[in-house]
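User: I would like to learn how to read a few features of a protein model. Can we go through them one at a time?

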Amino acid sequence: MEWNKLLTVKTITEREKYPYGQGYRISPFEEDYQNLVSSFAFRRLQDKTQVFPLDKSDFVRTRLTHSIETSSIAHQLGYAFFTKLSEIKYDENGNIIENKYGIDEDIRNNTRQILRCAGLLHDLGNPPFGHFGEVVIGDFFKKFFDKNNPKYTEQLSEEERLDFEYFNGNAQNIRLIAKYEQEEGLNFTLPTIHTLLKYPYGSKEAKNKSKRDKFGFFQSEKDFINNIASELGTLGNDKISRHPLTLILEAADDIAYLTADLEDAYEKCLFSKSELTNFCKNEIEKLYKEHNCSKLDQKTKPIELLDSLFDPSDPDETLEFGAWIKKARYWLSYVVQYQFEKKYQEIMDGSYNEDLFYYTNHFITIKAFRNAMKKFVYSHQSILRTELSAKTILTSLLEKFANAVLTHDKEGSSDYDKKLYNLMPENCKNNSDNSTYSRLLTVTDFISGMTDSYAKSLYQELNGII
């Protein structure tokens, strides 16, 4: 892969050139950012769940605040990475003797701008009620196809059926961007779109990889993605390589959600400092043995990070939780910077298939934090109750609208289904064909575009709960 192709300024369609202000034009990647923050889809993130569904607290993060934090971290990482990679050595006469990676000022500036925008974009396609909403949609369609088999399943290819059964926000994000280019004019640059492609394959390949719900695009956007990959030079032998900036965005997302979600849970009193410290220390020791990490350098660093949070022998010197979160982000950011440079050649030739934490000295820290979230947060009764409510809401809406979309124009369809169909916005009903696959995509477009509050309100209205 080459940066001159990876950072092309080409867009989905050619952008309009305005006759005024040509001397003050912003860069194409800054224009991506400007277009995004003015969009309806971006504003809806303020009422979508990050971890705590339908939470009344103003403190708890939403998808919007999480996306802003991810954007900030991604921008900072991009600055650090490419400043380090662009270091130039001179001889005593001032002549360049080494410019190891050929990174210039344009690459530094453009990568930071792309990462800042991609950080805001990366969760745009997520349905209401967080990642649990993805699970509910997938589970609904598995049962829906079993119940109606073979009425609808024989009308779908295996890939099309798996798109619904393993529905996820990553693929919906790409679909949303492709749709919005036509409907709302969000004509993003190709590198910004490619940076969002965390899993550069479809649902069938994901199933073969045993990753199940981890795939990057639906069959409806396969050609769209292949064309972008071909343009950027990441497509070869029918395989798409991840854009190098995707790895940085992925790391920024991990750092943002793990640290911030722990902070939100702490503020909601789901655990104490000592509980978190003791749990993570035990996890770290267990994970070191489980993953055979004896060769990792500086084994004590994850423990030192936890000790700085809570030291019972010297409580006046312990950090406030918010300050500790900031420190944890710095430590995690440092190791991924180190890894990006260390694996740079593998990343650029498309052979690096891990995340940027893989077997760094905080490889185990990340796993311990994830396990802490499972222990203290995801299994907490308050979360379980709201997730059960979310399941009831989404399942009911999916049942009603899937049936309405598939039958509203058929002979013998009910007035109720016709009215339900007419409730859907026009941008969800406009399709290039009337196939079962296309019709069901309108349902997932509609449902995934809902905010938490709208989904709850619509459920109550349709079920006569006044």
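Predicted model: local features only at pLDDT ≥ 70, side-chain atom pairs only at ≥ 80, totals over all residues.

Analyst: N168 sits in the loop between α7 (158–165) and α8 (169–183).

User: Is N168 buried or exposed?

Analyst: Buried means under 20% relative accessible area. N168 has 2% relative accessibility, so N168 counts as buried.

User: What does the side chain of N168 reach?

Analyst: The N168 side chain reaches the backbone oxygen of F215, at 3.3 Å.

User: Which residues have the most contacts inside the largest nonpolar core?

Analyst: In the largest one, with 85 residues, W3, F82, F340 and L356 have the most contacts. Helix α12 (residues 244–267) gives the most to this core, 12 residues. Another core, of 43 residues, lies apart from it and includes F144, F164, M424 and A455.

User: What is W3 in contact with, leaving aside its neighbours within four places in sequence?

Analyst: Among its contacts are F82, I103, I107, Y344 and M348.

User: Where is Y359?

Analyst: Y359 is in the loop between α16 (344–348) and α17 (363–378). Y359 also has a positive phi, near 55 degrees, in a residue other than glycine. At 32% relative accessibility, Y359 counts as partly exposed.

Methods:
Residues numbered from 1 in each chain as written. Heavy atoms only, no water. Helix = DSSP H or I, 4+ residues; strand = E, 2+ residues; numbered from the N terminus. Buried < 20%, exposed > 50% of the residue type's maximum accessible area, 1.4 Å probe, protein only. Polar contact = N/O pair within 3.5 Å; in protein donor to acceptor, adjacent residues only side chain to side chain. Core = buried A, V, L, I, M, F, W, Y, C linked by side-chain atoms within 4.5 Å. Contact = heavy atoms within 4.5 Å.
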